[in-house]
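Mentor: Take a look at the model shown here, and then let us work through it one question at a time.

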Amino acid sequence: MIPKEDASSQYSRYTNTNKKSRFAPDSSMDDGVLDNLSSILSTLEQEGNLKYYEPLIGVFRKGFVVQAVQSWSYYAQVNNLPKFVSSTKILATTLRMAGSHELVNEYGSNLVNIILKDQITVLYRGLNNMRASITNAIISLMMEIILFNSGQHVEEMVYRFDFSLPSLSKILNINKSDI
């Protein structure tokens, strides 16, 4: 006679397999927007010609930058650290390129506003992580926000950013070996 499983053992077997699949590090996020944006930025960095700003403007006009920011936020939330670092660098480069020509300043300013108003907690998450690759990428993004269009958003950054984060003192701490 084969023993029947009781309901609790069936439930625990179900939840154990479900936990594995639920917390698996695979990404169901489509990287197409970030890949496209990265490709456009690479072309723009190489060519530097005014006509190459048109694809970047198209990305902003079609709302793909909002999707890129959402992907960036998603990667932070699910702790997909390599993609979080990569998307942070893409956003920093986007801001640098958008601040380099008056034709795209308006769009870059919109990106800064999205980050500072809607996604500032992602900056905190990156700074609190304390991994050099993530922290450096976030600091680079913050630097691009501050430098954008000759400091256009400095006041808003100071107003919105919580400078009392405990991780900031750890990041800014100088080790004896660095002296």
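**Questions about a helical chain**

Trainee: Leaving aside neighbours within four places in sequence, which residues does Thr135 contact?
Mentor: Contact here means heavy atoms within 4.5 Å. Once neighbours up to four places away in sequence are set aside, the residues touching Thr135 are Gly126, Leu127, Met130 and Ile171.

Trainee: What kind of model is this?
Mentor: Residues are numbered from 1 along each chain as its sequence is written, and side-chain values use heavy atoms, with hydrogens and water left out. Local features need pLDDT of at least 70 and side-chain atom pairs count only at pLDDT 80 or more, while totals for chains, interfaces and linings use all residues, since this is a predicted model.

Trainee: How many helices and strands does the chain have?
Mentor: Both are DSSP runs numbered from the N terminus: helices are H or I with at least four residues, and strands are E with at least two. Read along the sequence, the pattern is α-α-α-α-α-α-α-α-α-α. The count is therefore ten helices and zero strands.

Trainee: Is Thr135 buried or exposed?
Mentor: Thr135 lies in helix 8. Buried means under 20% relative accessible area, exposed over 50% and partly exposed in between, using a 1.4 Å probe and protein chains only. The relative accessibility of Thr135 is 6%, so this residue counts as buried.

Trainee: At roughly what angle do helix 7 and helix 8 cross?
Mentor: Axes are lines fitted to C-alpha atoms, for helices over the stretch in contact, and angles run from 0 to 180 degrees between N-to-C directions. Helix 7 covers residues 120-128 and helix 8 covers residues 132-147. Their axes come within 8 Å, and the crossing angle is roughly 140°.

Trainee: By class, which residues make up the contact of helix 7 with helix 8?
Mentor: Val122, Leu123, Gly126 and Leu127 in helix 7 meet Ile134, Thr135, Ile138, Ile139, Leu141 and Met142 in helix 8. Ala, Val, Leu, Ile, Met, Phe, Trp, Tyr, Cys and Pro count as nonpolar, Asp, Glu, Lys and Arg as charged, and the others, Gly among them, as polar. By class, this contact has eight nonpolar, two polar and no charged residues.

Trainee: Which residues touch the most other members of the largest nonpolar core?
Mentor: A nonpolar core is a set of buried Ala, Val, Leu, Ile, Met, Phe, Trp, Tyr and Cys residues joined through side-chain atoms within 4.5 Å. The largest one has 48 residues, and the members touching the most others are Leu56, Trp72, Leu141 and Phe161.

Trainee: From which helix does the largest share of this core come?
Mentor: Seven helices are worth checking in the model: helix 2 (32-47), helix 3 (53-61), helix 4 (64-77), helix 5 (81-98), helix 6 (105-118), helix 7 and helix 8 each supply at least two residues of this core. The largest share is nine residues, and they come from helix 5.

Trainee: Is helix 2 parallel or oblique to helix 5?
Mentor: The axes of helix 2 and helix 5 come within 10 Å and cross at roughly 45°. Angles under 35 degrees count as roughly parallel, over 145 as roughly antiparallel, 65 to 115 as roughly perpendicular and the rest as oblique. Helix 2 therefore counts, relative to helix 5, as oblique.

Trainee: In which handedness does helix 2 pass helix 4?
Mentor: Helix 2 and helix 4 pack at about 115°, with their axes 9 Å apart. The contact is made by Val33, Leu34 and Leu37 of helix 2 and Phe64, Gln67, Ala68, Ser71 and Tyr75 of helix 4. A crossing is left-handed if the near helix is turned anticlockwise from the far one by less than a right angle, and right-handed if clockwise. Here the crossing is left-handed.

Trainee: What is the phi of Asn149 near?
Mentor: Most residues other than glycine have a negative phi. Asn149 lies in the loop between helix 8 and helix 9 (154-160), and counts as partly exposed because its relative accessibility is 30%. Its phi has a positive value, near 50°.

Trainee: What is the phi of Ser150, about?
Mentor: Ser150 is also placed in the loop between helix 8 and helix 9. With a relative accessible area of 77%, Ser150 is exposed. Although it is not a glycine, its phi is positive, at about 60°.
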